[in-house]
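Let's take a friendly walk through some packing details of this protein. Have the sequence and coordinates open as you read.

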Amino acid sequence: MSTGVNPRLDDVAVARDCADYLERHRHAIVQVLTECESYETAVNEVCNSIDTLRNLHRELAHLRKADLDSVAVFLPINLPLYSLILFAAVPSLMAGRVDVRLPASTPGWLRQVAVAAHLEDFFPRVHLHEATRRQFIDVVASRAQAVIFTGRYESAEQVRNQCSSSVFLFEGSGVNPVVIGAQARLTPEVIDNVVTARVFNSGQDCAAPDVFLVHMSKLDEFVASVADRIGSLRAGSYDDPRVRIGSILNRRPLKDLAARLASLAADTIVGGTVDVKSGFVDPTVIVRPLSEHDFVTEFFAPIFYVLVYESDEELAAFFSGRDYRDNAMYVSLYGQAPVAGLFESSTVLFEQTVLQVEQGNTPFGGNGAKANYVACGNDVEVGPMLISEALSRVPYLQRHRVVPIGERSHHRAAHAVREHPLGPRSVIAP
């Protein structure tokens, strides 16, 4: 029975030991990571992992409170080391057991990363599994006290409906627009930061900007600068440290991406090619008037989708539209004042991108209903999330939830299970 007081708090010191290990073995870990991502990405996520582990004192108020039996995690496909730290290692400081479903397309790589980082030694309560989503839900997630899901909103809702007894933490993605206003100073540093935000990890980042809103007066300068910058980027195999554009890990959505780019061919001024077989997507620049914009696409590839606006009224109309507000997370403003209501929906950044400000010990996200939330039954809280803070409230949320009659027998059965049916490092059999 949970006491509400975390008996594992001394393990925070072990987390710092892990950070020291990552620092000492940085080169070997980067070598493993660059099997499927760029050197730039690998170095960034090692640094972010070390920083997060060394700054857990910022989360102690939350870490002290939580004493959970079990947490189930659906791991994202990108940034494996940083994801393991954020969504598995840190939660294991608050729980008796953390079970992680590895992405179906790259389970071997994820295991190699975990071994290279010696995560089993530092965080022995984290257990990795290869399983279908259905298997993991049936055997693990539906019995867990809390579930952490990163991915598409529609998939999250399907999983949440099957984990009705769990507190459900959803980390999704947002539109994350970059706004280039009439007063923007497009210095080489600004262009480099903006381009990096889009091409980081070959565009495979949930915080990457899917829209660039550019004032008409800055359009020519912005497009010319971006086209020149991406034209200088090296593309190819990730075993070359200079490569910044490589193959896409999850190739299943590439046919849909190719179809979307084909529909935008008339507005494409750079790139536009998708090689589904190799998983390579050319850096692409698309320019169209905001008035002709139809819908936002989460590209998850190095696509610069530029919408041209002429007035603050046009800009305000975009940000008030449901297509944006449902997925509102971050907005980066360059030379543009916030329009009315922007702070209500979004985390607003001035002259910075998400890559420049994200820090693993602080809340992440925005206020879009499909961007991130914490749910207990039908009670859903939307807003930026810090995993440790959300987990610290799990017992309170469950105590104060009124369980519908139809769920009560399942609820009792699920929480009666204390011994987990899986072995420590099992692969769930079909």
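Which element gives the largest share of the lining of the largest cavity? That share, three residues, comes from β15. This is a predicted model, in which local features need pLDDT of at least 70, side-chain atom pairs count only at pLDDT 80 or more, and totals for chains, interfaces and linings use all residues. Residues are numbered from 1 along each chain as its sequence is written, and side-chain values use heavy atoms, with hydrogens and water left out.

**The cavity**

A cavity here is a set of points on a 1 Å grid over the protein atoms alone where a 1.4 Å probe fits but cannot get out, and its lining residues have an atom within 4 Å of a point. The count comes to one cavity of 30 Å³ or more, and the largest cavity has a volume of about 60 Å³. Its lining includes Asn176, Pro177, Tyr330, Val331, Ser332 and Leu355. Two or more lining residues come from each of β15 (330-334) and α16 (354-357). Helices (H or I, at least four residues) and strands (E, at least two) are DSSP runs, numbered from the N terminus.

**Aromatic pairs**

Rings of Phe, Tyr and Trp (its six-membered ring) pair if their centres lie within 6.5 Å; planes under 30 degrees apart count as stacked, over 60 as edge-to-face and the rest as tilted. The whole structure holds 15 such aromatic pairs, including these:

| Pair | Centre to centre | Angle between planes | Geometry |
|---|---|---|---|
| Tyr21 and Phe122 | 5.8 Å | 55 degrees | tilted |
| Tyr153 and Tyr373 | 6.5 Å | 85 degrees | edge-to-face |

Tyr21 in α1 and Phe122 in α7 are 101 residues apart, while Tyr153 in α9 and Tyr373 in β17 are 220 residues apart. Buried means under 20% relative accessible area, exposed over 50%, and partly exposed in between (1.4 Å probe, protein chains only). Tyr21 and Phe122 are both buried. Tyr373 is buried at 2%, whereas Tyr153 counts as partly exposed because its relative accessibility is 22%. Ring pairs also link Tyr153 and Tyr373 into a cluster with Phe74, Phe136, Phe149, Phe168 and Phe170.

**Around Ser202**

Ser202 sits in the loop between α10 (188-199) and β7 (212-215). With a relative accessible area of 0%, Ser202 is buried. A polar atom of the Ser202 side chain lies 2.8 Å from the backbone nitrogen of Gly246. Leaving aside residues up to four places away in sequence, Ser202 touches (heavy atoms within 4.5 Å) several residues, among them Tyr238, Arg244, Ala301 and Pro302.

Methods. A polar contact is a pair of N or O atoms within 3.5 Å; within protein, one must be able to donate a hydrogen and the other to accept it, and residues adjacent in sequence count only if both atoms are side-chain atoms. On a 1 Å grid over the protein atoms alone, a cavity is a set of points where a 1.4 Å probe fits but cannot get out, and a pocket is an open set with protein on both sides within 12 Å along at least five of seven lines; lining residues have an atom within 4 Å of a point. Grid points are joined across faces, edges and corners, and a volume is the space filled by probe spheres set on the points.
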